[in-house]
Amino acid sequence: MNAKLLSDVAYLTSAVLFIIGLKFLSHPARARRGNQLAAIGMAFAVVATFVALWRPAGGQVFHNHWLIIGGIVLGGALGTVGARFVAMTEMPQMVALLNGCGGGAAALISTVEFSRLAAGLELSGLSVGSTVFGCIIGSISFSGSLVAFGKLQGIISERAITSTIQKVVNVLIFIGILALIGWIARGGGTTAFSALLAAALAFGVLMVIPIGGADMPVVISLLNSFTGLAVAATGFALGEPALIISGTVVGASGTLLTMLMCRAMNRSLTNVLFAGVGAGPVAAGGASAGASGKPVREITTDDAAVLLANVRSLIIVPGYGMAVAQAQHTVREMAEMLARRGVDVKYAIHPVAGRMPGHMNVLLAEANVPYEQLFDLEQINSEFERTDVALVIGANDVVNPAARYDKTSPIYGMPILDADKAQHVIVIKRSLNPGFAGIDNPLYYDPKTLMLFGDAKGAVAKLVEAMKAAA
């Protein structure tokens, strides 16, 4: 069997494993196996690349092979360290960085390939179009992902940073990108391409800066689709079927996920990108009265433990506050204790809860919460009105009733979890500060809402101890 046939078989195997792995990621129970299959597929693709470039006559490997092997080893080591030591709560930041690396790699490959084509005067329509597209989309994904990482990590303000000047600059850069594409099409060389690379990098930064932290799940999935499309473009430029297949699959799935996230918030993609939701000032809330001056009802840990010990049904609504406090294991311990007492315990997961799609599902799965206790918005909303207590842990905008009736609210029309329809609501939160959307939550002032102020992990741990003492 010759090297060409071996590499083709390996590429086909890797493509199949990519598709099956992505399919497995659609369910938490099979997600781990899906990742493993995709990793094996990537290994096949790497081996196929080495085999395809083998020179059987001279018995030599292609030039710079040690540099490539060194890059694989270094990248593998960094990836292993990141996977083992980065906390689950910081996975969104890691995903943003990894996604940015993919986009940046595609942009670099496009740049090198264009330089090679320009030097050899092989500027055909398909080759130039592929490299230009890969450069633009990959650069936007790279710089935009770095800004998303900065917002998630707190290096850059999570608020939507908007201004009239910034919008004008965005338009000018976009027009500049179109002009540079035209210049390249008319024979512009590496100078025009370098200017295009710089303009695309700047546009990626300015595109994500005006987007608030509440919309980061949509931004991450959108940039993920950008990276996939950039990889597919480099596949066309290099004539590599594996890159075309894997990039197209990632681009399509990222686009679909972006659409689903927008639907979950009842907003269009243009609204997410340009509305500047979350640009308002963060109001400082106290422990007894919110930004509106309305009083709230506080509850002590002991009283909350007594209430939970006498319920028949409980719906837990986890939010990013639970993730930040790393309280998922303590929450699972509390839920198991109540379940042993005959309480019907369920978890309500909003599609955009957390900082990236599926963030809450991953956190709860990592804490060994049974899959059958997890319900999405459509499955669980009808059950709130028949539930004794809705326990909201660190969630805010996804349970804000203003989304139903306040037409002036930036989240108006967004499907929310109907926690306010439960017989009682307990909200565990550090303070009355607004969520990422920067708006107050009427749920806190509802007469049946009880506020338990404090760190999610500490508050739930005290609840567990109080229930054990009362047992």
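Reader: Is phenylalanine 114 buried or exposed?
Author: Buried. This is a predicted model, and in it phenylalanine 114 has 0% relative accessibility, which is under the 20% cut-off.

Reader: How many aromatic pairs does a search of the whole structure find?
Author: The search finds 3 aromatic pairs. In one of them, the rings of phenylalanine 114 and phenylalanine 193 have centres 4.3 Å apart. Their planes are at 15°, so this pair is stacked.

Reader: Which parts does that pair tie together?
Author: Phenylalanine 114 is in helix H4, residues 91–119, and phenylalanine 193 is in helix H7, residues 190–208. The pair therefore ties together parts 79 residues apart in sequence.

Reader: And phenylalanine 193, buried or exposed?
Author: Buried, because its relative accessibility is 2%.

Reader: What about the rings of phenylalanine 174 and phenylalanine 203?
Author: Their centres are 6.1 Å apart and their planes are at 40°, so that pair is tilted. Phenylalanine 174 comes from helix H6, residues 164–185, and phenylalanine 203 from H7. These parts are 29 residues apart in sequence.

Reader: How does accessibility look for those two?
Author: Phenylalanine 174 is partly exposed at 44% relative accessible area. Phenylalanine 203 is buried at 16%.

Reader: Switching topic. Which ring does arginine 30 lie over?
Author: Arginine 30 lies over the face of phenylalanine 24, 5.0 Å from the ring centre. Elsewhere, lysine 346 has its charged end over the ring of phenylalanine 375, 5.3 Å from the centre.

Reader: Back to helices. At what angle do H4 and H8 cross?
Author: Roughly 25°, with the axes coming within 9 Å. H8 covers residues 216–238.

Reader: So what do we call that, parallel or antiparallel?
Author: Roughly parallel, because angles under 35 degrees count that way. The crossing of H4 past H8 is left-handed.

Reader: Which residues meet there?
Author: From H4, they include Gly102, Gly103 and Ala106. From H8, they include Thr227, Ala230 and Val231. Asn99 of H4 and Asn224 of H8 are also among the residues that meet.

Reader: Last one. Where does threonine 301 lie?
Author: In helix H11, residues 301–309. Threonine 301 is buried, because its relative accessible area is 19% and the cut-off is under 20%.

Reader: What does threonine 301 touch?
Author: Leu452, Lys462, Leu463 and Ala466, not counting residues up to four places away in sequence.

How values were computed: Residues numbered from 1 in each chain as written. Predicted model: local features only at pLDDT ≥ 70, side-chain atom pairs only at ≥ 80, totals over all residues. Heavy atoms only, no water. Phe/Tyr/Trp six-rings, centres within 6.5 Å; stacked < 30°, edge-to-face > 60°. Helix = DSSP H or I, 4+ residues; strand = E, 2+ residues; numbered from the N terminus. Buried < 20%, exposed > 50% of the residue type's maximum accessible area, 1.4 Å probe, protein only. Lys NZ or Arg CZ within 6 Å of the ring centre and 35° of its normal. Axes fitted to C-alpha atoms, helices over the stretch in contact; angles between N-to-C directions. Parallel < 35°, antiparallel > 145°, perpendicular 65-115°, else oblique. Left-handed = near helix turned anticlockwise from the far one by under 90°. Contact = heavy atoms within 4.5 Å.
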